Amino acid sequence: MLSSIKQSSNKICYMILPEGIRKDLHEGLKGLAEKNGVSIVVIEEVNWNDDLTPWPAEGVFKKAKPFGGQAAAFLNKLTNEIIPETERSMGIENAERALLGVSLSGLFAVWSAFSTDAFTNIISISGSLWYDGLVEWMKEQSLSPRIKKVCMLLGEKEKNAKEKRMATVEERTQTAAIILKEKTQASVTFELVEGTHFSPIMPRLERAFEIIEETVTPTTHYS
């Protein structure tokens, strides 16, 4: 269920990655862990369309299954089972945790910042913040006071998606960043980067870690 790289006794990043890219990232993740002095845990057994969505919604493509909206149950499992067991087995104490997601798990990461106090840093790469009702929901919620940094990276071509809901992703991610900054003293970064939907992935992971590891807290910025 998990693959892990131990590099720190207290800094740990939990990643939920699309199955198609996980096997190609092992060496890259090892390098990230070593460079940034952070342990990395990749959570592998995830029902992508159900576990990562906060409420039910229609699928995005013709004949696609609807999204199941089981994020609350999965977050409960993550925070009450997976995290305690993982940190106990790895000998990690007083953890400073980051949650990193890509695509739908990027949506889950941002949603989790409002739904648990388990994490201090949130990373959303090509997050599906176009998801029905998310931005409106965020306006009515309170961000966890433990959050220090939120990093959202989006491919500059993602707004060109043919599916109308997905094509709103840039506008809605920028709106989400503004909402986050209004609700917290945390550092909030939203950057447009080269490429399409989470591709290329490794430069985005590297940039995200650079932002999270910055010692000087930047203000919200867009580029």
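**Confidence in the model**

Over residues 216-223 the pLDDT stays under 50, and the model has 17 contacts beyond four places in sequence for this stretch. The structure is a predicted model. Where pLDDT is low, the predicted coordinates should not be read in detail. For the protein, the mean pLDDT is 93, and 95% of the residues reach 70 or more.

**Nonpolar cores**

- The largest nonpolar core has 52 residues, of which Phe 108, Met 138 and Met 152 touch the most other members.
- Two or more residues of this core come from each of strand 2 (11-16), strand 3 (39-43), helix 4 (71-90), helix 5 (104-115), helix 6 (134-139), strand 6 (149-155), helix 7 and strand 7 (187-193).
- Helix 5 gives the most to this core, namely eight residues.
- Apart from residues up to four places away in sequence, Met 138 touches Val 110, Phe 114, Ala 176, Ile 179, Leu 180 and Lys 183.

**Leu 100**

- Leu 100 belongs to strand 4 (residues 96-102).
- Its relative accessibility is 0%, so Leu 100 counts as buried, the cut-off being under 20%.
- Beyond its neighbours within four places in sequence, Leu 100 is in contact with Cys 13, Tyr 14, Met 15, Ile 16, Leu 17, Ile 123, Ile 125, Leu 205 and Phe 209.
- From Leu 100 to Glu 171 there are 71 residues in sequence and 21 Å in space, taken from C-alpha to C-alpha.

- Helix 7 (residues 169-183) has 15 residues and should span 21 Å at 1.5 Å a residue; its end C-alpha atoms are 21 Å apart, which agrees.
- The buried residues in helix 7 include Val 169, Glu 170, Thr 173, Ala 176, Ala 177, Ile 179 and Leu 180.
- In helix 8, the buried residues are Met 202, Arg 204, Leu 205, Ala 208, Phe 209, Ile 211 and Ile 212.

**Aromatic pairs**

- The count of aromatic pairs comes to eight.
- The ring centres of Trp 55 and Trp 137 are 5.7 Å apart and the ring planes are at 55°, so this pair is tilted.
- Trp 55 lies in the loop between helix 3 (48-51) and helix 4, and Trp 137 in helix 6; the pair links distant parts of the chain, 82 residues apart.
- The rings of Phe 67 and Trp 130 are also tilted, because their centres are 6.2 Å apart and their planes are at 55°.
- Phe 67 is in the loop between helix 3 and helix 4, while Trp 130 is in the loop between strand 5 (121-125) and helix 6, so the pair ties together parts that are 63 residues apart in sequence.
- Phe 67 is buried, with a relative accessible area of 7%, and Trp 130 counts as buried at 7% relative accessibility.
- Ring pairs join Trp 55, Phe 67, Phe 114, Trp 130, Tyr 131 and Trp 137 into a cluster.

**Arg 165**

- Arg 165 sits in the loop between strand 6 and helix 7.
- Arg 165 counts as buried because its relative accessibility is 19% and the cut-off is under 20%.
- The side chain of Arg 165 reaches the backbone oxygen of Glu 58 at 2.9 Å.
- Not counting residues up to four places away in sequence, Arg 165 touches Ala 57, Glu 58, Gly 59, Val 60, Phe 67, Trp 130 and Asp 132.

Definitions and conventions
Residues numbered from 1 in each chain as written. Predicted model: local features only at pLDDT ≥ 70, side-chain atom pairs only at ≥ 80, totals over all residues. Heavy atoms only, no water. Helix = DSSP H or I, 4+ residues; strand = E, 2+ residues; numbered from the N terminus. Expected span 1.5 Å × (residues − 1). Buried < 20%, exposed > 50% of the residue type's maximum accessible area, 1.4 Å probe, protein only. Core = buried A, V, L, I, M, F, W, Y, C linked by side-chain atoms within 4.5 Å. Contact = heavy atoms within 4.5 Å. Polar contact = N/O pair within 3.5 Å; in protein donor to acceptor, adjacent residues only side chain to side chain. pLDDT = per-residue confidence, 0-100. Phe/Tyr/Trp six-rings, centres within 6.5 Å; stacked < 30°, edge-to-face > 60°.
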